Amino acid sequence: MYSSFQPGPGPAPADDSPAPAPPAPADGLPFRRGARLLDTGAVDNVLQVGFHLSGTVTEPATATEPEMTYKVAISFDRCKITSVTCGCGNKDIFYCAHVVALSLYRIRKPEQVKLRLPISETLFQMNRDQLQKFVQYLITEHHTEVLPTAQKLADDILSSNSEINQTHGAPDPTAGASIDDENCWHLDEEQVREQVKLFLSQGGYYGSGKQLNSMFAKVREMLRMRDSNGARMLTLITEQFMADPRLALWRQQGTGMTDKCRQLWDELGALWVCVVLNPHCKLEEKSCWLRQLRKWGDMDVCPLEDGNYGNELPNITNALTQSSNHGQDPLARPRRTVFTRAIEGCDLHWQDSHLQRIISSDFYVSPAYQREGESLLFNAQGQPLWLEHVPTACARVDALRSHGYPKEALRLTVAIINTLRLQQQRQLEIYKHQKKELLQRGATTITNLEGWVGHPLNPVGCLFLTLTEACRLEEENCLEISDAGEAKAPAYQHVPVAPGCQESGESYLALALEVALLGMGQQRVMPEGLYAQDKVCRNEEQILARLQELELDAVLVQTLRKQCLLLLEGGPFSGLGEVIHRESVPMHTFAKYLFSALLPHDADLAYKLALRAMRLPVLETTAPAGDVTHPPHLVSVVPSRYPRWFTLGHLESQQCELASTMLTAAKGDMLRLRTVLEAIQKNIHSSSLIFKLAQDAFKIATPADSNPDTTLLNVALELGLQVMRMTLSTLNWRRREMVRWLVTCATEVGVRALLSILQNWYTLFTPTEATSIVAATVMSHTTILRLSLEYPQREELAGCARTLALQCAMKDPQNCALSALTLCEKDHIAFETAYQIVIDAAATGMTYSQLFTIARYMEHRGYPLRAFKLASLAMTHLNLAYNQDTHPAINDVLWACALSHSLGKNELAAIIPLVVKSVHCATVLSDILRRCTMTAPGLAGIPGRRNSGKLMSTDKAPLRQLLDATISAYINTTHSRLTHISPRHYGEFIEFLSKARETFLLAQDGHLQFAQFIDNLKQIYKGKKKLMMLVRERFG
């Protein structure tokens, strides 16, 4: 009875416990709070009666809550808490802090606990008088609570026919269970259901995903402690997952579930595989689980293993599929749900004698006389092999590890690794025989239909974790360390492999690195469907994150080099082999890790491997699709299809990251940089990614605190030039940014680079870019200062820029003429040439707005006659209708007329016919007329001209023609406006007629013309009585 309660730090699967692993860093955990309550002396009145523990726990007062004392009662049996009661009314699946505090008190201070026999034993020692006194005192003490119950029991005992008298003996809650009875930890099933339901209803928000993962971790902990509640709790969780109303909604709408939710379902499926593979479960239990799993799997809403897509993955119990299955109709494929692997796992057993010997002994080897020749059970060194479908074998390892058999899991892991090594060796031999043929063809067959990375059973991660857990250094005071809230990277040490397993003195840590590299380097076909592809990327990142926790010492570096060489030589069996299938999963992320890890130890191997991994054949239009024949020693690829790579954007960015890492490392090494540059130009097909690489290289090459690295700068420039060529004829919203950046980069490289891009502009830039951005920036004062050029070099650069400007103006005068004139200002011949190009293009290829802009520029530069000529040409392209009184060209027309007027009577006479022809808007014409009559023409003071200084008359040419046109425009506009006029515009119309009268009165007989015009209006529009009345009131 004394030892039935856990005597030292031990597990409590419905809550975090002091051992064997530290809890997560969170101060709010019930275990932490319970431990603090114990330390502060909050536990009192502790009494153990038989197998029943009771006591009080006092919560100290807080700013918002008064001090509270809670009564706690715990029943236990064979080191397991079987039921708990606490006055705090805890509604959680974890034990409350008060239960923890009382339990820890009993564990840590057993000598201070009053220990009593079970109450039935005590009662047995009493005589009749003592028993009566005991009962009466008990009823008196608690009469309000127990009196009705006591009376009922008394009635039943006094009745000879009552059920209580038919039963031998009486119950005793303190006596504990019989030795034959099942004993399991207390689990509040209703609370489990409620908690899971609540977390699912929050849809992954408010940390609910983390809470559900915590519950899954709790299931694993229970399995590790071999607590039967593990499967019970998982069943309760699964029932709530299957009852999630969103499943039916997603199925009805045909939409996929959220990524977080999908990951939770994956973990649920993996946990069930673990449960059914329990090496010591009873047959009845497995049958019960199988029925339940099939029931869930048959439900319409049950999520599929690979999202919304079918798959061609082998059954868990088979090592390989038959090649004849590949051509089958996808619709005829069996429906695989998240529970299918667990259902298949129910067919697996542990009775195989070879398997039993592997997991039960470190010294299981083949007899020496049997080591000659081929064997399916042992390798050449006599070490045991386990030839089973690799993910299935790894699922066995996970099951052993999860059910608290770490040594057995390690032994099986080593056997699997020996098998993988032998397979790798044989694959290399196969490749040597067909190497020449494969290299000539440049294609390969996929040897793995299902990849180990991203697999639902996570085989690589499972083996790696099993091995590294055996090497993990446990930190002292781990609870205190995790209290700081900082995730501390785990520390590992080399632990020698058990002597019977390996002869070479290897360590589990070296094996962990080897199996991770072997699994990650496996060539595998990209799976179908967004979720499956995303899972490949995510799983790869998870494994690499764990690999980066390893500190590479001499032993691990040796393992790394050896495995990298094998991967490079692995042919079609390796993702880093010389030839791969077009749809092979890329190795960029993996290669980036290998490159960084190898670089300090073997730079040549690091570059060779990373350069090999740069390829992305799915984007190569000429890449062969692969051989779909069925050689006897290879498993065939699925039939070639146009691939839908949903994660292609991510994969391309990883390819870019790999290239950037190599560029950074190769800084200063021209030969390596040239090799990396060639690999980038050959394999990266995205202009935006090449631009990013160019920017990265430029940034690294030009540190703020030291001189620029010219080798890397030249690489950045060359990448920039490639981007220019790639995006020259395509639309790219970042094009202007790219052009500006290239000029900046070329400036850093030097004057020769600038001269080169100016001379070859037509292969890199559009004419507009070349003049407005490139040449303008090159000729800017800032660039000249930055380059610190001598006069001859400045002139050479300026000459190149002017040549470019004239070439662009010839090619695209509409957009480049003004820029060309600006760039040629300081060279008379070039300027004249540019001007002539504008004049030649003005007749056909330029708009009035472009010509007006250049004309204004000419006036600004002091060429008024040239400005007049260009303005006249612009007027011929313009047409202003009667109602366009807010047209953007009006200001240009007024400016052109003002320029002509200032030049003299001849120029004004020349432009007025053009104005009359092009402008039909009365208000604009009257404005021009008014301006021309206010001052005398010829005020510009052109040298060699004599001006009279007299105001011009509207009765004589050229203003007479303008006046007549203005009056005519007013008459036409009036009739046009009256056709569709509404009463709300009457007032505006009367004001318009008033302005018309002012223009009419400029003519000699203007008042007569206007009177006649008004009379005509009254006659024609007499139906508009109200309007005509307003006309009479104003004009008579």
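**Close-up 1. Gly404 and the end of helix H15.** Just after helix H15, Gly404 adopts a positive phi of about 85° in this predicted model, for which local features need pLDDT of at least 70, side-chain atom pairs count only at pLDDT 80 or more, and totals for chains, interfaces and linings use all residues. Residues are numbered from 1 along each chain as its sequence is written, and side-chain values use heavy atoms, with hydrogens and water left out. Helices (H or I, at least four residues) and strands (E, at least two) are DSSP runs, numbered from the N terminus. H15 spans residues 390-402, and its 13 residues reach 18 Å from the first C-alpha to the last, close to the 18 Å expected at 1.5 Å a residue, where the expected span is 1.5 Å times one less than the number of residues. Of the 13 residues of H15, 13 are buried, so the helix is largely enclosed by the rest of the structure; buried means under 20% relative accessible area, exposed over 50%, and partly exposed in between (1.4 Å probe, protein chains only).

**Close-up 2. Packing of helix H19 against helix H22.** Helix H19 (residues 508-520) and helix H22 (residues 588-598) pack at an angle of about 145°, and their axes lie 11 Å apart; the axes are lines fitted to C-alpha atoms over the stretch in contact, and angles run from 0 to 180 degrees between N-to-C directions. H19 contributes Leu513, Leu517 and Met520 to the contact, while H22 contributes Phe590, Tyr593 and Leu594, contact meaning heavy atoms within 4.5 Å. By class, the residues of this contact are six nonpolar, no polar and no charged (Ala, Val, Leu, Ile, Met, Phe, Trp, Tyr, Cys and Pro count as nonpolar, Asp, Glu, Lys and Arg as charged, and the others, Gly among them, as polar).

Close-up 3. In helix H5 (residues 143-158), Lys152 and Asp156 are four residues apart, about one turn of the helix, and their side chains meet in a salt bridge at 3.3 Å, N to O. Lys152 counts as exposed at 53% relative accessibility, whereas Asp156 is partly exposed at 23%. In helix H20 (residues 530-547), Asp534 and Arg538 are likewise four residues apart, and their salt bridge is 2.7 Å, N to O. Here Asp534 is partly exposed, with a relative accessible area of 25%, and Arg538 counts as buried at 16%.

Close-up 4. The side chains of Arg411 and Asp362 meet in a salt bridge at 2.7 Å, N to O. Arg411 lies in helix H16 (residues 406-441) and Asp362 in the loop between helix H14 (353-360) and H15, so the pair ties together parts that are 49 residues apart in sequence. Arg411 is buried, with a relative accessible area of 15%, and Asp362 counts as partly exposed at 22%. Separately, Arg220, Glu267, Asp398, Arg401 and Glu469 are linked in a network of salt bridges.

Close-up 5. Strand S1 (residues 43-49) pairs with strand S2 (residues 52-59) in the antiparallel sense over five bridges, two strands being paired if DSSP finds at least two bridges between them. Leu47 has Ser54 as its bridge partner in S2, and in the hairpin, which has two residues between the strands, Gly50 takes a positive phi near 60°. S1 also pairs with strand S5 (residues 114-116), in the parallel sense over three bridges, and the partner of Gln48 in S5 is Leu115.

Terms used. Salt bridge = Lys/Arg side-chain N within 4 Å of Asp/Glu carboxyl O.
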